[in-house]
Amino acid sequence: MADTYAPVPDYRIDGFEAATERIEKGFFSLTLSDDMFVPLAEHHSPDGRDTYLLLYDRAAIWDIPGMAEYISLHITRDVDQRTFDFDYQNHPVIPLAQNWLIRQGCPAESAELSKNHGPRPADALTARLEDLLRANPGDRYKVIDHYTDNLCSFDFGTEVRTLVHDSHPDSASAPYRLFLEETTKDFRSYTVREGAFVTTEAADSWAMERSTPLPVAPAPQSTVGRRAEAARARSTVKGGSLAVAPAPVAPPRSAAAPVRPRRSAP
């Protein structure tokens, strides 16, 4: 996912002390194995008060099975008292880590990957779904569970399952959405697909059994409406009716995901 020899994260806390003993212990625990952290994005505010880091944790594969592999870290400094505090969160996929940093105050452009030598999005649908997770407009997605299946082998790719509740009205009939990220075994590209489920149990059953293709989420009604309006605007109208009826919008379907042993989620 990143360079073999990665630089140590730039915390910029030289000359600063943790504001409390609890903060000191927490930061020490978080960064104890930071030689395994790979910085993917960083931003330091001009006034020296804030640092935002997006990190890939190479040691996550040796932790609890299914552990998230990305860390978003926000360091805040009191430049007068020369003290610092911090907050962080683990994330299963990069767009969610970026969303957290942006909500903490990081400029959106600075949350973009600065040194990404890992796999690339395989298609436009992957990029669009990642944009949705990154923006999370109106806090529509609430993460319920996630699982990272990374065997760290070129004989297998990686798979990340992120289960969310989608509060958007267009998703009311199937509000539980499973974002499935699959990286090819050569680690050159990956796809993201969104599955729609009525219950969390249905999503979990699909993930365990894989007896059917992922039930791809239908196009939002609002999107279908806009496309229909655009089609009508482009069509020749005679006698108040459409010369050619707009074709129905059918979402792409993904191929059936490979069956893999499933470990218990943490």
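Biologist: How many residues of strand 3 (residues 50–57) are buried?

Modeller: This is a predicted model. Strand 3 is mostly covered. On one side Asp50, Tyr52, Leu54 and Tyr56 are buried, and on the other Thr51, Leu53, Leu55 and Asp57 are buried, so both faces are covered. The number of buried residues in strand 3 is eight of eight.

Biologist: Which residue of strand 3 is the bridge partner of alanine 41?

Modeller: Strand 2 (residues 37–44) and strand 3 run antiparallel and are joined by seven bridges. In strand 3, the partner of alanine 41 is leucine 54.

Biologist: Which backbone oxygen does the side chain of arginine 77 reach at 3.0 Å?

Modeller: A polar atom of the arginine 77 side chain lies 2.9 Å from the backbone oxygen of tyrosine 11. The contacts of arginine 77 beyond four places in sequence include Tyr11, Gly48 and Asp50. In the hairpin of strand 2 and strand 3, with five residues between the strands, glycine 48 has a positive phi near 80°. The backbone oxygen reached at 3.0 Å is that of glycine 48.

Biologist: What is the angle between the planes of tyrosine 11 and phenylalanine 27?

Modeller: The count of aromatic pairs comes to seven. One of them joins tyrosine 11 and phenylalanine 27, with 5.3 Å from centre to centre. Tyrosine 11 sits in the segment before strand 1 (17–18) and phenylalanine 27 in helix 1 (residues 21–30), 16 residues apart. The pair is edge-to-face, and the angle between its planes is 80°.

Biologist: Why is the pair of tyrosine 141 and phenylalanine 179 classed as it is?

Modeller: The ring centres of tyrosine 141 and phenylalanine 179 are 5.5 Å apart. Tyrosine 141 is in strand 7 (residues 141–150) and phenylalanine 179 in strand 9 (residues 176–183), 38 residues apart. Both are buried. Their planes are at 85°, and angles over 60 degrees count as edge-to-face, so the pair is edge-to-face.

Definitions and conventions. Residues are numbered from 1 along each chain as its sequence is written. This is a predicted model: local features need pLDDT of at least 70, side-chain atom pairs count only at pLDDT 80 or more; totals for chains, interfaces and linings use all residues. Side-chain values use heavy atoms; hydrogens and water are left out. A polar contact is a pair of N or O atoms within 3.5 Å; within protein, one must be able to donate a hydrogen and the other to accept it, and residues adjacent in sequence count only if both atoms are side-chain atoms. Contact means heavy atoms within 4.5 Å. Buried means under 20% relative accessible area, exposed over 50%, partly exposed in between (1.4 Å probe, protein chains only). Helices (H or I, at least four residues) and strands (E, at least two) are DSSP runs, numbered from the N terminus. Two strands pair if DSSP finds at least two bridges between them. Rings of Phe, Tyr and Trp (its six-membered ring) pair if their centres lie within 6.5 Å; planes under 30 degrees apart count as stacked, over 60 as edge-to-face and the rest as tilted.
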